Amino acid sequence: MALVVHILACLLGTGSWVAINGMWVELPLLVPQVPEGWYLPSYLTVLIQFANVGPLFVTLMHHLQPGQLSEAGTIYTIISLGALACVLLAFFWQETSVVGGTAHSTALLILLFFLSLVDCTSSVTFLPFMLRFQARYLTTYFVGEGLSGLVPGLVALAQGVGVARCVNGSLAGNASGTGLRTEYQPARFSIRFFFLFLGGMMGLCLAAFVLLNRLPAARQERAKERFRAQARVEAGSGLQAMVEEQPTVSPSESCWLNSYFGTGRYSWPQVAYIFLVLAWVNALTNAVLPAVQSYSCLPYGNSAYHLSATLAAMANPLACFIGMFLPNRCLLTLGLLSAAGSGFGCYLMAMAVLSPCPPLLHSHAGVVLVVLCWVLFVGSLSYVKLMIGVILRDEGHSALVWCGAVVQLGSMLGALTMFPLVSVYSLFHSGDPCNTRCPS
């Protein structure tokens with residue numbers, strides 16, 4: 001029956017970010033049909049940052065009013081809200097209204113905010129919930145979290161998102177000239193169907209959470225009494241009581257640090273290092289590099305872009321799967337992997353800066369290199385995130401709450417850094433795949 005619990009944990013992880021990841025991959029179809037045009041990704045970025053009020057509220061409640069916020073009730077609420085928002089999007093995403101004299105997709109933007117609120121809040125609720133189960137299921141949860149990007153990406157590929165061809169302007173009725181222009185082919189199935197699919201994924205996530213709570217087989221896979229006692233004490237009578245329960249912490253170590261990380265295994269500098277690395281890798285993987293992925297890949301062609309997006313999404317769950325069999329909690333190793341992943345990210349950022357004429361533009365080597373860098377970038381940093389999650393899992397319920405908060409903080413700082421660079425100052429330039437001419 002352990003296999004059933006692994007499947008349920010994976011489905012719960014898949015529902016954590018499937019809605020917003022699905023929105024990102026559907027943008028090529030949405031953008032031509034909404035008044036915001038290519039400013040829609042910028043709007044989505046801002047909405048995600050506003051939605052961080054959700055994890056901020058949950059974190060403050062855990063800190064100021066321990067035990068007052070029902071963890072299970074919060075999760076039921078946000079998953080149900082996410083499923084409802086996806087279904088409403090399927091029918092109302094094209095509704096517009098005039099705001100400040102300009103037409104806006106008000107229904108789309110409002111529902112996107114609620115989806116962002118759901119996914120951001122999942123970071124500080126799903127992880128602490130997984131503390132109730134044995135440690136191996138946390139890794140399965142991270143595999144599912146990786147699938148939350150892969151599954152909608154594969155569905156979007158099947159839909160034909162972003163498939164383009166170059167057509168002669170005069171033959172296509174282009175009055176402005178006879179040059180080539182980019183024409184996107186129609187999708188194989190509608191945007192409404194895609195949003196209903198996302199709603200179905202959220203429904204599966206809700207069913208998985210219900211079964212993890214109610215199924216006898218899932219209850220048998222709960223963590224040992226020591227971990228359950230930690231979670232009960234933290235939730236019921238405050239964090240200081242948890243410190244009193246921990247015999248491994250000496251009175252001289254009874255400080256704020258150990259009140260949150262009860263084992264006393266890590267020193268202040270080590271804890272600061274862990275959270276700095278966690279914030280850094282999430283800033284890179286969730287905000288900084290995704291903001292420039294199209295600039296780094298599209299100069300090499302649509303195939304390079306789609307291969308990068310798909311294979312990088314596959315690298316996330318694959319790295320978590322490897323972590324199940326080859327775990328490594330050494331902080332030095334995790335630091336080296338973070339540095340390596342950052343190096344791959346630097347190369348990708350350089351390609352984005354040099355767009356639309358990056359090096360190796362007209363060779364297969366350029367395509368292979370940019371795709372490989374995306375895969376290694378996502379894979380190495382996904383492994384680091386997994387191992388940090390496993391480390392903090394052993395430090396108790398509050399450590400996982402703060403883990404989710406730091407994930408969102410890093411993502412927010414990355415997004416706020418990139419938004420003005422991309423959308424305000426226009427430091428990155430995309431080329432027309434049919435008309436861009438670069439010096440050989």
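**A walk through the model**

When neighbours within four places in sequence are set aside, Met324 is in contact (heavy atoms within 4.5 Å) with Thr139, Thr140 and Val143. This is a predicted model, in which local features need pLDDT of at least 70 and side-chain atom pairs count only at pLDDT 80 or more, while totals for chains, interfaces and linings use all residues. Residues are numbered from 1 along each chain as its sequence is written, and side-chain values use heavy atoms, with hydrogens and water left out.

Met324 belongs to helix H15, residues 302–325, where helices are DSSP runs of H or I with at least four residues and strands are runs of E with at least two, numbered from the N terminus. With a relative accessible area of 33%, Met324 is partly exposed; buried means under 20%, exposed over 50%, and partly exposed in between, with a 1.4 Å probe and protein chains only.

Ser122, by comparison, lies in helix H5, residues 106–122, and is buried, with a relative accessible area of 1%. Leaving aside neighbours within four places in sequence, Ser122 is in contact with Ser16, Trp17, Ile78, Leu127 and Tyr141.

A pair of helices comes next. The axes of H17 (residues 364–393) and H18 come within 8 Å and cross at roughly 150°, the axes being lines fitted to C-alpha atoms over the stretch in contact, with angles from 0 to 180 degrees between N-to-C directions. That crossing makes H17 roughly antiparallel to H18, a term for angles over 145 degrees. Gly389, Leu392 and Arg393 of H17 make the contact with Ala399, Leu400 and Cys403 of H18.

Helix H18 (397–424) also gives two or more residues to the lining of the second largest pocket, as do helix H2 (40–50) and helix H3 (53–64). A pocket here is an open set of points on a 1 Å grid where a 1.4 Å probe fits, with protein on both sides within 12 Å along at least five of seven lines, and lining residues have an atom within 4 Å of a point. Of its 16 lining residues, Asn52, Leu56, Ala405, Leu409 and Met412 lie nearest the centre of the pocket.

Taken as a whole, the protein has 18 helices and four strands, and 52% of its 440 residues count as buried.

Terms used: Angles under 35 degrees count as roughly parallel, over 145 as roughly antiparallel, 65 to 115 as roughly perpendicular and the rest as oblique.
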